[in-house]
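Student: I'd like to learn how to read a protein model. Could you walk me through one?
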Amino acid sequence: MRGIGILKLEEIRQVERWRVHKFGGSSVADAACMERVARILEQDPHPRLGVVLSACRGVTDGLLNLVIAAEKQETTLAERIEQLRHRHQVIADTLLPDGARVEYMAKLEQDCRDIAGILQTVQLIRSASQTVRDLIAGYGEIWSTRLFSAYLRHRGRRPGNVHWVDARDVVSVEWGPLGPAVRWDISQANMDRITPSEPATLIITGFVARDPNGLQTTLGRNGSDFSGSIFGALLNAEEIHIWTDVDGVLSADPRLVPDAKVIDSLSYNEAMELAYFGAKVIHPQTMAPAVSKNIPIWIRNTFAPEKAGSLICEKPTSQIAVKGITCIDKIALVNLEGAGMIGVPGTAHRLFGALRDHGISVILISQGSSEHSICFAIPQGEAARAEAVVRQAFDRELREGQIQSVEVDVGCSILAVVGDGMAGSHGVAAKVFGALGSAGVSVRAIAQGASERNISAVIDGKHSSRALRSVHSSFYLSPHTVSIGLIGPGTVGGVLLDQMASQVERLSRDLKLDLRVRGIMSSKRMHLSDAEVPLAGWRDAFKSKSEEADLTRFAEHVRADHLPHAIIIDCSSSSEVAARYPAWLASGIHIVTPNKKANSSELELYARLHEARRQGNAHYLYEATVGAGLPVIQTLRDLRDTGDQIWRIEGILSGTLAYLFNVWDGSEPFSSVVRTAKAKGYTEPDPRDDLSGLDFARKLIILGREMGLRLELGDVQLEGLVPAALTKCSPQEFLDRLPEFDAPMAERLKAARGRDRVLRYVGSLDAATGKASVGLVELERSHTFANINLTDNVVRFLTSRYNQNPLVVQGPGAGPEVTAGGVFGDLLRVCAYLGARL
């Protein structure tokens with residue numbers, strides 16, 4: 001029973017504590033935003049809320065600009081004041097009932113008259129004191145909180161009463177070298193005096209306070225966040241919620257790193273480190289009151305309140321070792337170097353003492369154990385002054401040669417990797433500097449504290465974005481994340497994208513394979529996405545967001561610095577695209593393609609392709625160039641790699657030609673069979689592309705080169721089926737006139753039948769002679785090629801192992817589905833080579 005009583009007492013104490021919410025300017029920008037804030041507060045069941053509001057977005061800047069305009073004696077002051085008044089009137093007209101609106105507007109208009117009077121004095125003397133600036137700037141929070149408190153009171157959905165609290169009646173601060181310092185005893189007494197004992201909602205002005213003389217002041221930059229923390233401490237809050245326009249604390253700047261993640265929880269120290277290095281986190285000074293009382297701080301998104309946000313607390317439970325990667329730009333690196341510094345006590349004291357005396361803040365220090373040099377980083381704007389200070393401090397040593405140089409490099413950046421979990425974790429630094437090395441970023445200086453919470457590196461500023469993305473990906477992305485660009489979203493490419501759309505979720509879930517199609521390009525247009533193209537709707541995205549095609553830009557985009565791997569899938573039949581392969585492979589881009597042009601063009605290009613592949617350590621797969629989805633090239637490679645000697649390869653490598661000679665039995669003219677095949681979609685739009693045998697010959701060249709034969713296309717003995725008289729006419733004229741040439745074809749079929757044979761269009765390669773031929777041949781009816789399905793491809797390998805019973809690969813060798821499947825298989829093979837568990 002006693003235990004139950006203690007539990008109930010603890011529950012009562014918990015209920016008695018307050019919860020503080022702070023909303024920034026974007027959260028209360030207009031009437032719709034204020035309505036959203038009201039709903040958020042009404043969904044919080046806690047009976048005691050302190051709600052700190054900023055001014056409506058842009059209002060504080062507008063007020064300060066009034067002071068500047070008055071100092072310049074501009075004549076537009078009345079108009080600018082009216083704009084601010086009207087903006088708040090619009091919100092009041094939207095949200096407040098008549099009585100509350102009249103009362104609010106009366107106070108607003110009086111404030112506007114007071115501002116006009118103050119500015120008139122400023123105009124006369126052409127100067128405004130800091131007190132005047134603070135007085136004018138503070139009206140924004142007064143106006144937003146008065147309006148919102150009246151609105152929330154009118155809605156009547158919060159427990160207890162809604163009270164407006166003027167922070168100037170509570171918070172007393174004294175400005176010093178480090179900014180505003182809260183006079184806690186006085187402020188706490190003021191807070192205790194006005195805090196209701198019953199459930200209530202306090203709407204509190206952020207940003208404003210009073211100084212020891214009772215004059216209005218502000219809390220400086222990030223003042224409203226500071227107010228939230230101050231009132232959290234004064235109310236002994238159980239937690240503080242900072243509402244902004246982002247989902248929480250991000251692992252990097254999302255403008256630079258599209259894959260930035262929301263950090264679930266981080267420590268006060270981690271948050272301070274990230275804030276110091278420029279991350280969009282609550283400012284360290286504003287956290288201090290909450291930290292002193294160990295009050296957890298939540299960072300949440302006003303516009304997505306359903307998201308959990310980020311928790312900043314003393315002991316976070318997050319399993320993430322690195323909580324953020326960020327950069328400070330516009331840094332100068334100063335290096336003091338000389339043999340005379342070695343073993344001399346006090347050198348660092350003299351150096352940094354001189355900088356301190358001249359008010360120059362040092363961001364980072366790095367010194368080798370030899371004491372031969374000391375380098376430090378400072379804001380770039382201080383570079384010239386810092387150099388002068390250092391030269392003056394070591395003037396004698398420089399003249400006597402004890403110190404050889406004082407060098408200043410501008411245009412640097414500091415990359416910082418922050419996380420409590422790095423302490424004692426092996427390989428973190430290796431991952432950081434390995435990622436920088438892979439991205440081609442040189443490190444100028446390194447600093448790491450004994451706490452191991454922060455690893456900082458000075459780099460060339462022009463590489464900061466690439467460095468940030470690369471290091472971030474090494475910690476936050478799967479090592480099997482692949483940036484993909486697809487060229488040719490037509491028949492085969494479109495089907496491939498659909499096949500990928502059906503499998504990417506499974507591949508990600510089961511195999512941790514993250515396939516990201518980030519670019520799609522046709523012959524004239526392209527669509528690029530920083531994150532990834534949604535495959536379920538890639539057609540709509542390509543149609544609505546495409547731009548003029550540019551192969552160079554396309555490849556640069558696909559080869560993203562922040563993603564571990566890049567693959568270009570070329571589903572076109574373009575020679576121009578194929579000519580780019582060597583450069584892409586040399587730069588480390590992997591290539592998967594069914595495009596036959598590269599591997600069957602001049603031997604010089606073929607040789608450059610494979611040299612570039614070795615140079616760039618890239619993979620180049622093209623299984624679908626020969627047999628669509630059939631493993632023809634892979635089988636050939638396996639035979640050679642395992643030491644088998646290939647004597648001869650022959651086969652039917654055209655589904656169109658296989659169909660024509662499988663169905664043509666002489667009962668109708670050959671031209672009629674061609675027309676039927678075209679109507680069924682078995683031929684290209686111009687059937688001559690199939691009947692010429694040129695595509696077949698290209699496939700044979702590819703196989704020959706895989707065998708080690710140095711074949712050019714002109715070396716193939718090619719028998720085409722297009723009459724010479726019909727090679728240059730239109731496709732329709734070709735079909736109309738083809739019957740004129742039925743007789744010779746009919747004679748060939750009759751002659752073959754007379755010998756009890758069949759006609760098949762076959763290609764063959766002889767390793768001993770190096771001869772290659774493609775053409776119409778007669779085969780025994782028992783031959784393998786005489787008994788295949790209508791559109792099958794079939795390849796027969798005669799080798800030293802398979803000499804009595806040749807190895808045969810047979811199956812559908814045409815059609816967008818099987819060809820796309822073959823390309824997809826090659827894509828997954830590349831991923832397997834890169835380490836994915838497939």
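This is a predicted model: local features need pLDDT of at least 70, side-chain atom pairs count only at pLDDT 80 or more; totals for chains, interfaces and linings use all residues.

Student: Let's start with charges. How many salt bridges are found in the whole structure?
Tutor: A salt bridge here is a side-chain nitrogen of Lys or Arg within 4 Å of a carboxyl oxygen of Asp or Glu. A search of the whole structure turns up 50 of them.

Student: Is Asp-93 buried, partly exposed or exposed?
Tutor: Buried means under 20% relative accessible area, exposed means over 50%, and partly exposed is in between (1.4 Å probe, protein chains only). Asp-93, at 41%, is partly exposed. Arg-101 is partly exposed too, at 21%.

Student: Where do Glu-400 and Arg-396 sit?
Tutor: Helices are DSSP runs (H or I, at least four residues), numbered from the N terminus. Glu-400 and Arg-396 are four residues apart in helix α14 (residues 395-400), which puts about one helical turn between them. Their side chains form a salt bridge at 3.2 Å, N to O. Glu-400 is partly exposed at 48%, and so is Arg-396 at 42%.

Student: Which parts does the pair Arg-637 and Glu-706 tie together?
Tutor: In this salt bridge the closest N and O atoms are 3.1 Å apart. Arg-637 belongs to helix α25 (residues 632-641) and Glu-706 to helix α29 (residues 694-707), so the pair ties together parts that are 69 residues apart in sequence. Glu-706 is buried, at 9%, whereas Arg-637 is partly exposed, at 24%. Salt bridges can also join up: Arg-19, Asp-44, Glu-238 and Glu-239 are linked in a network.

Student: Now the inside. Which residues have the most contacts in the largest nonpolar core?
Tutor: A nonpolar core is a set of buried Ala, Val, Leu, Ile, Met, Phe, Trp, Tyr and Cys residues joined through side-chain atoms within 4.5 Å. The largest one here has 73 residues, and Trp-584, Leu-660 and Phe-661 have the most contacts inside it. Helix α29 supplies the largest share of this core, seven residues. A second, separate core has 64 residues, including Leu-234 and Val-428.

Student: What does Trp-584 touch?
Tutor: Contact means heavy atoms within 4.5 Å. Leaving aside neighbours within four places in sequence, the partners of Trp-584 include Ile-487, Leu-551 and Ile-591.

Student: Last topic: at what angle do α9 and α11 cross?
Tutor: Axes are lines fitted to C-alpha atoms, for helices over the stretch in contact, and angles run from 0 to 180 degrees between N-to-C directions. Helix α9 (residues 223-234) and helix α11 (residues 284-292) cross at roughly 10°, their axes coming within 7 Å. Angles under 35 degrees count as roughly parallel, over 145 as roughly antiparallel, 65 to 115 as roughly perpendicular and the rest as oblique. So α9 and α11 are roughly parallel. Among the residues making the contact are Phe-226 of α9 and Met-287 of α11.

Student: And how do α8 and α9 pack?
Tutor: Helix α8 (residues 184-194) meets α9 at about 70°, with axes 10 Å apart, so the two are roughly perpendicular. Trp-184 and Met-191 are among the α8 residues there, and Phe-231 and Leu-234 among those of α9.

Conventions
Residues are numbered from 1 along each chain as its sequence is written. Side-chain values use heavy atoms; hydrogens and water are left out.
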